[in-house]
Amino acid sequence: MNISIIGTGYVGLVSGACFAKLGNNVICVDIDENKIEKINKGISPIYEEGLDEILSRNKDKIKATADYKFAIENSDITFICVGTPSKSDLSLDLSYIKKAAEEVGKQVQKKHGWQLIVVKSTVLPGTTKDIILPILEKYSRKKAGAGFGLAMNPEFLKEGIAVKDFLEPDRIVIGSYDKKSSNILKELYKNLSRPIIETTLSTAEMIKYASNAFLATKISFINEIGNMCKKLGIDTYEVADGIGLDKRIGRAFLDSGIGWGGSCFPKDLDALISWYKKENEKPEIIQSTVTINEQQPLRLIKLLKKHIPQINGKTIGILGLAFKPNTDDARESRAIPIVKQLLIEKANVKAYDPKAMNHFKKLFPDIIYCNNSKDVLDADAVIIATAWDEFKKLDYKGKIVIDGRRLLEAKKTAKTYEGVCW
Ligand SMILES: NC(=O)c1ccc[n+]([C@@H]2O[C@H](COP(=O)([O-])OP(=O)(O)OC[C@H]3O[C@@H](n4cnc5c(N)ncnc54)[C@H](O)[C@@H]3O)[C@@H](O)[C@H]2O)c1
């Protein structure tokens, strides 16, 4: 099939590359010229395992451009994958997706054939039908279901293993306005041989939010249990193994630590809370999930102060700035509140991350960035904030190590070792 992808970030680029790998022709549209140039050279503008290889091997099937006209004219299916970040009031910022829908609509108007438009960005239930559909109809001057097809196909990939997740998803959710759109998407995903759920646009949107809210809640839950275990001298990971074998619970997402970050959980939960509050309702569980997550990284600072009561003027090393290992994404990384607090308390901060330092530098230009993990150890104490494999192999040279990510190997060479929940 001929596919266009609007917005080539983590979701759009991985989707586009994987669709090409599956034999489709893909046109990637972005407003970022730098990304376009790199993709056309077969180089990934983001770090994601396996992506560079797919892009360079499928150069003939993937084109990147800023030209919506070229993209819509030369494709039958358009996936909208632009960002849907939080606004300052924590509600969802729909400006990018509205603009993308407007541009797609304008080109669909000029096109003779029928176009399937698929929203892949995460949007609150009701958005595709009540906001995107009217924009598309207005600018295309065509009717949904007749002049163009409309579907909502949420993405569940995890950064770090995004390519694998895209190609081997647990399920594929297809919300559609019209049956023809749903049938085409089923055909597109046929070769993945995974369970497909066909539903309405709004249900597909809610499945995505409910999924992220549940996963985030699972992590905050085990972190609360972990905080209790720490006081009791119980190993929270043994508890997680013990409850995880219960099929009703499952072991995944039960690794306690300093909490979740990234581009999805924080803003998705915030959007859900913000929308529910506008309905004059109080989101009890999801609000607590967020509150626990905000407090969790600061527990590392408390633990640090057990060993160095006055951190003013001391040098604290931070290992890991990405929100999780194997990605360069530092959005809402748990290292952010930790560094913020250290700076408030006038500590000197030196940090290292194998992939995310450039992104982190935009937030904290004035801390010291080290060339390698060893240099971080030249500090009064070291905090482990991301579970990169290379930190397991480090010689911690008799330092005070405060671990937020359960790298127990550090115990062997540290003078003092404290885990946040163990
Ligand atoms: N990152 C994830 O792990 C993940 C997983 C599932 C779902 N999602 C959802 O997918 C969506 C995209 O997330 P992301 O992390 O890939 O975002 P991102 O910020 O990495 O990428 C968005 C891209 O869209 C481009 N863009 C913005 N406006 C545009 C326009 N008008 N036309 C063309 N391109 C435009 C930007 O330049 C950028 O390259 C969000 O709604 C997110 O919630 C993300």
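A polar contact is a pair of N or O atoms within 3.5 Å. Keep that cut-off in mind as you look at this predicted model, because it lets you read the pair formed by tyrosine 68: an N or O atom in its side chain is 2.6 Å from a nitrogen atom of the ligand, and that lies within 3.5 Å.

**Around the ligand**
- The ligand has 26 residues around it, and those that come nearest are Asp30, Lys35, Tyr68, Thr84 and Lys267.
- This shell is made up of eleven nonpolar, eight polar and seven charged residues.

- Valine 11 takes part through its backbone, with an N or O atom 2.8 Å from an oxygen atom of the ligand.
- Threonine 122 also uses a polar backbone atom, and this one is 2.9 Å from an oxygen atom of the ligand.
- On its own the ligand would expose 840 Å², and the protein buries 90% of that.

**Helix α11**
- Helix α11 covers residues 265-278, and its 14 residues should span 20 Å at 1.5 Å a residue, which agrees with the 20 Å between its end C-alpha atoms.
- Most of α11 is covered, with ten of its 14 residues buried.
- Among the buried residues of α11 are Phe265, Leu269, Leu272 and Ile273.
- After α11 comes asparagine 280, which has a positive phi, near 65°.

Notes: Residues are numbered from 1 along each chain as its sequence is written. This is a predicted model: local features need pLDDT of at least 70, side-chain atom pairs count only at pLDDT 80 or more; totals for chains, interfaces and linings use all residues. Side-chain values use heavy atoms; hydrogens and water are left out. A residue is near a molecule or strand if one of its heavy atoms lies within 4 Å of it. A polar contact is a pair of N or O atoms within 3.5 Å; within protein, one must be able to donate a hydrogen and the other to accept it, and residues adjacent in sequence count only if both atoms are side-chain atoms. Accessible areas come from the Shrake-Rupley method with a 1.4 Å probe; for residues, only the protein chains shown count as cover. Ala, Val, Leu, Ile, Met, Phe, Trp, Tyr, Cys and Pro count as nonpolar, Asp, Glu, Lys and Arg as charged, and the others, Gly among them, as polar. Helices (H or I, at least four residues) and strands (E, at least two) are DSSP runs, numbered from the N terminus. The expected span of a helix is 1.5 Å times one less than its number of residues. Buried means under 20% relative accessible area, exposed over 50%, partly exposed in between (1.4 Å probe, protein chains only).
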